[in-house]
Amino acid sequence: MEKLVRQGMLYDLYGELLTEHQRMIYGELVNEDLSLTEIAEIHGITKQGVHDLIKRCDKTLEGYEEKLHLLEKKLAED
């Protein structure tokens, strides 16, 4: 599965468990397809800061999937 598609699906399932700030930035990456540079400019933070936040969110969302298996179950239904 393509990484961005997986990120979007995990975000749809578990996004509400992220902080508001994480949801906003991660959502701009997966839903609006903005680059790290564009997101950094919008929020007045560094590109590295955006990169680090995205990596933390990826790890968090994958952790939820490891425990709850909602994406796995959803894909098995289809």
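Predicted model: local features only at pLDDT ≥ 70, side-chain atom pairs only at ≥ 80, totals over all residues.
Residues are numbered from 1 along each chain as its sequence is written, and side-chain values use heavy atoms, with hydrogens and water left out.

Leucine 70 has 36% relative accessibility, so it counts as partly exposed (buried is under 20% relative accessible area, exposed is over 50%, and partly exposed is in between, using a 1.4 Å probe and protein chains only). Together with Leu13 and Leu68, Leu70 makes up a nonpolar surface patch with about 220 Å² of accessible area. Patch members have over 30% relative accessible area and no salt bridge, and nonpolar side chains (Val, Leu, Ile, Met, Phe, Trp, Tyr) are joined within 5 Å. The areas come from the Shrake-Rupley method with a 1.4 Å probe.

## The nonpolar core

Now for the inside. The largest nonpolar core has 18 residues, and Ile25, Tyr26, Ile39, Val50, Ile54 and Leu61 have the most contacts inside it. Helices α1 (3–14), α2 (20–30), α3 (36–43) and α4 (47–68) each supply at least two of the core residues, and α4 gives the most, with five. Such a core is a set of buried Ala, Val, Leu, Ile, Met, Phe, Trp, Tyr and Cys residues joined through side-chain atoms within 4.5 Å.

In α2, the buried residues are Gln22, Ile25, Tyr26, Gly27, Glu28, Leu29 and Val30. Their cover includes α1, α3 and α4.

## Glutamine 7, a buried polar residue

Glutamine 7 belongs to helix α1 and is buried, at 8% relative accessible area. Beyond four places in sequence, glutamine 7 touches Tyr26, Leu29, Val30, Ile54 and Asp58 (contact means heavy atoms within 4.5 Å). Its side chain also makes a polar contact with the side chain of aspartate 58, at 2.9 Å; that term means a pair of N or O atoms within 3.5 Å, where within protein one must be able to donate a hydrogen and the other to accept it.

## One salt bridge

The structure holds one salt bridge (a side-chain nitrogen of Lys or Arg within 4 Å of a carboxyl oxygen of Asp or Glu). The partners are glutamate 62 and arginine 6, with their closest N and O atoms 2.9 Å apart. Glutamate 62 is in α4 and arginine 6 in α1, so the pair ties together parts 56 residues apart in sequence. Glutamate 62 is partly exposed at 27% relative accessible area, and arginine 6 is partly exposed at 26%.

Methods. Patch = residues over 30% accessible without salt bridge, like charges linked within 9 Å, V, L, I, M, F, W, Y side chains within 5 Å. Helix = DSSP H or I, 4+ residues; strand = E, 2+ residues; numbered from the N terminus.
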